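Work through the exercises below with the sequence and the 3D view side by side, and try each task before reading its solution.

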Amino acid sequence: MADQLSPDEKFDLISRNLQEVLGEEKLKQVLSERELKVYWGTATTGKPHIAYFVPMSKIADFLKAGCEVTILFADLHAFLDNMKAPWELLELRVKYYEQVIKAMLESIGVPLDNLKFVKGSDFQLSREYTLDVYRLSTMVTEHDAKKAGAEVVKQVEHPMLSGLLYPGLQALDEEYLKVDSQFGGVDQRKIFTLAEKYLPSLGYAKRVHLMNPMVPGLTGAKMSSSEEDSKIDLLDSKEDVKKKLEKAFCEPGNIANNGVLSFVKHVVFPLRGEFRIKRDPKLGGDKIYTAFEEVEKEFAEELIHPGDLKASVENSLNQLLDPSRKKFESPELRKLTNTAYPNPSKTRGKGAKAGEGGEDDELALSKLDIGVGEIISENPVRRPSTMAEQLSPDEKFNLISRNLQEVLGEEKLKQVLQERDLKVYWGTATTGKPHIGYFVSMSKIADFLKAGCEVTLLFADLHAFLDNMKAPWELLELRVKYYEQVIKAMLESIGVPLDNLKFVKGTDFQLSREYTLDVYRLSSMVTQHDAKKAGAEVVKQVEHPMLSGLLYPVLQALDEESLKVDAQFGGVDQREIFTLAEKYLPSLGYAKRVHLMNPMVPGLTGVKMSSSEEESQIDLLDSKEDVKKKLKKAFCEPGNIVNNGLLSFVRHVVFPLRGEFCIKRDPKWGGDKIYTAFEEVEKEFAEELIHPGDLKASVEVTLNQLLDPIRKKFESPELRKLTNTAYPNPSKTKSGGKGAKAAAGGGGEDDELAPSRLDIRVGKIISVERHPDADSLYLEKIDVGEAEPRTVVSGLVAYLSPEDLQDRMVLLLCNLKPQKMRGVESQAMLLCAAIEGEPRRVEPLDPPVGSSPGERVFVEGYETGKADERLNPKKKVWEKLQVDLKVSDECVAQWKDNQLMTKLGQITCKTLKGGNIS
């Protein structure tokens, strides 16, 4: 049948009875070229009910129109929606949904071999998908995520973090199912608009969205699996159907929110093409209607009685339900129904929490032994040193806990030390360059090793990205390598043997199926409030916080289990994350860990030392001259021991490592003096017996002794190159000038030169024709992943034929102000390479093979900047940037020697080496 339909007829069939279509022109365009690929997803929560016949009847329409249809059983979504479905029952519910939906489709005559059935967790736990979830979470604000799910995710007093993840996953499903369109209820409109807003930012095309109206239930409100009185179950007996329909809301003449009438409109007519009202001959007898409007009109005029309408719907409904009832009489499907939806009285008692006595606790995933990913260092962990073997448990405890501000779980720590050596980990997000403040953590790691601990260092690359993209994704691999080299150099400079340590990279295990599943499980227990509170002192605070900032504490908590440690070590600023871990990990069946907290060491300005605050810290590769300059400026008031970064360095680094500290001064001021306890130094400084200048000079000597081995190691060409590529010069990338906001486009001086301000996208030319009033110009319609193609006017007539351009993949600059060219508005610029001369040669730039319309083009090193909504022509932003756009000798498009790219690779041109780009 579909082969005999025109594109317009297919469009009419696809769109009939829908409440709204987003992307109507794109839908028509696809239908003019090929069959539409569409998916419908259903979260496998409560039992499907008769309202499911509404999407089934539309799926029948899609199939008649020749569409390729995928039905997604969204088991992960079911879990994320405030755990409407317990994880241990999800596999069973997916099987139940598949059987019951197949039975529904068979009952309305839909051939199953034209459909594809997919389970969400079969692809939603993959490394690639999970990475996209995290990428999307760095773009979607908490506000947008909450707004998107407001009508779909169950609303509760203390909403869980999982409810914010739900819309993002549904958006990504469109890309991973490789469809043109998603079909759903109009209650999902905000999720659909979120997908349209954010998917292009990941380089993915904007999809068409087809929306059914919301069908009222028997009570007049939305039909819901969780509202027993509002719906008729697909396996309800004929007696139950009769009882429920008798109670249904159906006032005489009232056609608003009438679930019985809606069933006739959205199910009976699309499937049967007619509806028979059965009534007593003395009241007019049976009547057949061939259009819903006739039924609605006569019901409104009270020519059809509610009782007759209900009786007639009951008859139609039983005809639809009989095949499903018959199929589910089999012992196997009866058993499946009872196990997927057990009687509540046979599961956990009223008010019981997970893990408190429910029979199905035996199936809990917490019973699984989920391990860590591969180690990035080849250094095996050796047996503890001889020194450690000679220490008593109490001596080990004292060494582990000295100079810490707080220990959570002190008794557990002592208990472990009585039995064996402690396993501890310290993690660092690979963001800015490590500074001298890292020596504080390194000196404690030295203590742990002296005490015989097994120590793991975690390079938390994923955390670095989640923290408001402090580290761009494309630089993370380089920064992990830099961190590993510089931290090894630090440890070597203080005499710590590296073979007693284990080095692990976060993404080697944090993108695994098991870990990702735990992230979702934990997110369904942690409230949004608790996640936000936990990250408040660690995650960068911004005006419009991203969803990623809420995930950060969840991942840090789970790392304790995946790394199989007894304790986590960190700064006291992470206390809230540690208490979140202690509160929630036991809910997953995991042990509560010990938490060891260093005090926050003030920087040179007297506040917390930070990689992002240049004045507050000394970089590990700073020259001796830079160290001297920075120490001269350091906050160090005579007699003031509060927030004194220099004194803190002496306390937390010098004494633990050296056991003494020498104040160097002129003989006329008493000469050099060696202190063997920090308290003596602090006391004499407070009494102004030590001058700030002498303290600074003495710290400078000690500091340079620590830094010299690191500087020497990083003189090698390989490590110099690594440093420069992991941390490119800001003048070559974007730099926030004074007062500039985060992300390009905030108004800093250097924003003028940031290529991330250009909205360059992949486009597909879908039509080419001559300009009616200009022989040298073409009019092109170009698909850039939006609902409508853009009209582009280009002066390519002298260089390319229409055949050269038709269906070609090209690059468009999409945020120039639209301009009229000989009476036709051009809505973008088609980017080409050109070489001047006689003759002038011009070629459109080529995106990588496999690119799709709407994919974002970026300049290497500027991936995270945000494009201007519209380039201000008065500021000449395009003109200033364009002069540095060139084609290399390898025919690769570049800006200032940085390559233009998409997620699939380089932008190129065919032959014009050394050409300009405009």
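**Exercise 1: a helix and its surroundings**

Explain why helix α6 is largely enclosed by the rest of the structure.

Solution. Eight of the 11 residues of helix α6 (residues 127-137) are buried, so the helix is largely enclosed by the rest of the structure; here buried means under 20% relative accessible area, with exposed over 50% and partly exposed in between (1.4 Å probe, protein chains only). Helices are DSSP runs (H or I, at least four residues), numbered from the N terminus. The model is a predicted one, in which local features need pLDDT of at least 70 and side-chain atom pairs count only at pLDDT 80 or more, while totals for chains, interfaces and linings use all residues. Residues are numbered from 1 along each chain as its sequence is written, and side-chain values use heavy atoms, with hydrogens and water left out.

Next, list the buried residues of α6, which are Y129, T130, L131, D132, V133, Y134, L136 and S137. Finally, look for what covers them, which includes α8 (162-176), α9 (189-198), α19 (461-466), α20 (473-493), α21 (513-523) and α23 (548-562).

**Exercise 2: cysteines**

Decide whether C250 is buried or exposed, and do likewise for C453.

Solution. C250 has 7% relative accessibility and therefore counts as buried. C453, with a relative accessible area of 6%, is buried. If a disulfide is taken as a pair of cysteine sulfur atoms within 2.5 Å, the count comes to zero disulfides.

**Exercise 3: two packed helices**

Find the angle at which α10 and α13 pack.

Solution. Helix α10 (residues 238-247) packs against helix α13 (residues 306-327) at about 145°, and their axes lie 10 Å apart; the axes are lines fitted to C-alpha atoms over the stretch in contact, and angles run from 0 to 180 degrees between N-to-C directions.

How values were computed:
Contact = heavy atoms within 4.5 Å.
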